[in-house]
Amino acid sequence: MARGRIRARLRLSSLYTFGCVRPRAEEGDEPHQFTGPGFSRIVQCNQPKLHEKKPLRYCSNYISTTKYNFITFLPKALFEQFRRVANMYFLFTTLLSLTPLSPFTAASMVVPLVFVVGLSMAKEALEDWRRFIQDMKVNMRKASVHKGDGLFGQKPWMKLRVGDVVKVEKDRFFPADLLLLSSSYVDGICYVETMNLDGETNLKVKRAMEVTLPLDDDKMFKDFVGRIRCEDPNPNLYTFVGNLEYDRQVYPLDPNQILLRDSKLRNTTYVYGVVIFTGHDSKVMQNSTRSPSKRSTIEKQMDKIIYILFSLLLLLSFASSIAFADRTEKKMPDWWYMQPFNKSEFYNPKKPALSGLFHLVTALILYGYLIPISLYVSIEVVKVLQAIFINQDIHMFDEDTGTPAQARTSNLNEELGQVDTILSDKTGTLTCNQMDFLKCSIAGNVYGTRASEVELAAAEKMAVDLEGQDPNMNGVDADTSEIELEAINTEQPRKHAIKSFNFEDSRLMKGNWTSEPNSDIILLFFRILSICHTAIPEQNEETGELTYEAESPDEGAFLVAAKEFGFEFCRRTQSSIYVRERYPSYNEPIEREFKILNLLDFTSKRKRMSVIVRDEEGQIFLLCKGADSIIFDRLAKNGRIFEEATTKHLNDYGEAGLRTLALAYKKLEEDEYSSWNCEFVKAKTTIGGDRDALLERLSDIMEKDLTLVGATAVEDKLQKGVPQCIDKLAQAGLKIWVLTGDKMETAINIGFACSLLRQGMKRICISSTNMNTDILAQDPKKAAKENVLLQITNATQMVKLEKDPNAAFALIVDGKTLAYALEDDVKHQFLNLAVGCASVICCRVSPIQKALVTRLVKEGTGKTTLAIGDGANDVGMIQEADIGVGISGVEGMQAVMASDFSIAQFRFLERLLVVHGHWCYKRIAQMICYFFYKNIAFGLTLFYFESFAGFSGQSVYDDWYMLLFNVVLTSLPVISLGVFEQDVSSEICLQFPALYQQGPRNLFFDWHRIFGWMGNGLYSSIIIFFLNILIFYDQPFRESGQTPDRSAVGTTMFTCIIWAVNLQIALTMSHFTWIQHFIVWGSVAGWYLFLLLYGLLPAVHSGDAFRLLIEKLAPAPIYWSTTLLVAVLCNLPYLVHISFQRCFHPMDHHIIQEIKYYKKDVEDRIMWSRERSRARQKTMIGFTARVDAKIRHLKGRFSRKYLSSLGSNIPMSPSGG
């Protein structure tokens, strides 16, 4: 608490020139004048009970991301089920089964439908219940709320009301949108982390109004009342308009006083605020959308197949009814035993058309087996089991947080295998928001020997790629050693004891820098690191260690580095900074004071920060750090001594994926500074719209004629395994877009770190700043839009005209430009450009823009999109994408609650897609194709028999056979196919990521394959029916010479079907375990067991099947031989097809299966490595692309060296020869 009081005495607002200072309202700002709709919200501060009645009654602070509630579940879930075409058909046939026209009992139709729909609805309810539980974890968080008489107490977030006064403490999330009243600092500023909202890691500075600063203690709120009139709820995160009526005066409000829900209080002990927007009225929730209903591509295509089969069903039914009407009219009168003159309209020779119409209903029910009702329930069961396997995958379990992967919905498992484009957030998804000081360049010399993660990953990849290369490449022996040198230079132990400091170079450590040339420049470098910042030191009372609370992780890393170099920033006062310097003696630190004269803070527009200080000797220095492009433009002619060397180092750092800043200084004369400072103070106290412009102009005047000192290289720590994951996904043929709220420079640095960008890649930057100011003055919006369209057109033309096959383009767009690029008449040109680029990075994008970009890619390309993020600002794009993946194990859970799948780290996305996605897609695709095959093979035999039975509606099979066919006898093998099938192992999937492209290219569920399986079913039905008829027709069946009856032929045909379809699924499977063997062959055995037991029942129950197996079929050799012959003939075409394909047109997984079967991967490692290299998709991103470019460069160099050596060894022929 002592620390809080010490810090509270600081008026930190004096540090900021641009960040949070604004003229006081009392000095000239007028209250906002509200005209028109959109500004109707009235908030009675500290009087929440006034908001319990209309018109001031607002929504509660309860939030929900569920699809259903107790009232809407039944109608919405039923709608979800019956928008499936097959379910609608079964509902129709079930209703028909209640009529006397049904060939089956009503129960045989009603029970399966209720079971299928009920099971699916139960699964939906369970998944939505899990969302509800996660919602409640957020809703039940505790907040400190004023309860009256100056007393505060804990209350759940969901119980907060508009008008409540809330106290939020350090490192806590804001429970609603608040108006900042006061903070632990005297001048009412606080630091806010908005990473969950906009992805930015830099802390935002907020400042309370002067009039509410005295409200800095619990007791001060005993008599506090006020009234706020402001804008209505809207999704704009960066604007706010309102007035505060307090103490008989009206004060204007702006975004500087607003604290948004799901942002976090940092570096501030506490703040007080009044609730303005709650729950779904808050800006973050306004940026989210309702949970959508998503359906996979395969499920949508399955509907089309159902339409085809339904058309076939109608065709067969119409043919049957026409034939039945014809026979009823012409032949029924002669069939006296049919009692044709019985008074029944169902078969009346006098009204054949009506009889045919009635028969149409019978036929629709009878041939309904062409459309399998058990397909959907089998798919549901398979998907649930697949989801369990995903949840239980130990390789996607994060040990640090104890978080497993979670399939929050199982409806989209197979969609994981068909992803074309990944749209990813940056902060918290790709990065972990930790900066490590890694390298630096001082006075033109490079310091820091450790390699970045990107360099290590690239070196490892290069070593793997060269494993399979011919060691005598191009005939030059020297090449191998040179390439090895490239890799070995980056191989060192990764010791990392100090957070934010991963630097290693003895030349600068422990005071050794004093022996370096240009030690005076090194001293300046260290002082810039320790002085040029706005951080606050905090001392741990137990250990005495200093920690720094900085606005950005970069700044914190610089201070830790300065401390390790011997320049420890130890305290700050209102006007001074104190640094404990181990100079001139490293062992005897001296505390030195630097008086802060002015601080020109960092803004995204300025891209630099400067501090003007007076040292203990009275000298005045301007110390500056910023983007290299900005600093280099401001160097004096005699301050560019190290520019060339530093530029080269900066390029190397960029290639290594590091974030860079340039450092410079300027020595000021007393008169020069005094003159400038008078103007600067006058500008700071100016009231009016030109204040900021005056300050900017004066800052520009001061920040000129600098002398370059050096540059820093900080590693923005990526989440573990991110470069490798991105590289693997790129090899799998996936496109990766990064959508971030961060500024462009940060996003570009991360692009290099992730290898989405690399040196040599042509960058296309489309920005709204590249515009003609004269045109903008006339019609700003129109001119800006035309300028953006012109940039897009020119860039598209450049991409089209590029002839180098190895050329790669990267598109970088900012949020303002994106606003124009997403308009209806521009978005398709923008998408065409983006699709032609290897990587796309969108910066400064709002949550709504993330969702709009995702929608554009999804609808514009027509391909499957996946969005992945970790914060509330990612919810929109997660819900908009075909698949949404949330990163769990971090602070915010909003992204997880809105997602379809959740993982703890981005790196697990590799296994989720490349392994589980690939498996699930192939399993579901093969399972559905097989389902249609077996039902066509079975259903068409019913039609064939109809033609032999006068289209009377008589079935060749017993009712129990038909009921058990899909539900029991063939269901388990197809479920085992959908759950356990593996064309290759998980290790092979990861080693051969190009196998993933079988999904996006839809090789296993295209129309060619679907119709192939349908044709196979048609062929099998013909063989099964007509071969049985041919064999049994007019043939003696038993020893006594009797011919078989309907029950014997029907049972034999059914036995053939059971054998044929189970043999077919056995041939389809690539991966067998004892489970599959047990299920497949157990299903065949189960049929015989059922037939035996069913036949043993009394005749009144078993009917024609009474003792059928024991007395009729089993003793007859023709029964067994027919079964064998038909089963073999049914599967022979598939066996021939697959053998031909594997021999002459093998697919990728066929080749890999053969290599593994013959163990060539063990016997010939070079061949195995070569096949792995060939099997990856050509990619322009990832460190594989970087290594490929490096290898091409080395090969070119060695080839030239080899040719020159050949040329020097060729003897000169004598002239005139």
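## An aromatic cluster

Ring pairs tie F437, F501, F503, W513, F525, F526, F558, F565, F567 and Y583 into a cluster; a pair here means Phe, Tyr or Trp rings (six-membered ring for Trp) with centres within 6.5 Å, called stacked if the planes are under 30 degrees apart, edge-to-face if over 60 and tilted otherwise. This is a predicted model, with local features needing pLDDT of at least 70 and side-chain atom pairs pLDDT 80 or more, while totals for chains, interfaces and linings use all residues. Residues count from 1 along each chain as its sequence is written, and side-chain values use heavy atoms, leaving out hydrogens and water.

## Two pairs up close

Across the whole structure, a search turns up 52 aromatic pairs. Take W513 and F567: their ring centres are 6.0 Å apart with planes at 50 degrees, so this pair is tilted. W513 comes from the loop between α11 (478-488) and α12 (519-531), and F567 from strand β20 (residues 567-572), 54 residues apart; helices (H or I, at least four residues) and strands (E, at least two) are DSSP runs numbered from the N terminus. W513 is buried at 2% relative accessible area, and F567 is buried at 0% (buried is under 20%, exposed over 50%, partly exposed in between, with a 1.4 Å probe and protein chains only).

Y548 and F569 have ring centres 5.7 Å apart and planes at 15 degrees, so they count as stacked. Y548 sits in strand β19 (residues 546-549) and F569 in strand β20, so the pair joins parts 21 residues apart in sequence. Both Y548 and F569 are buried.
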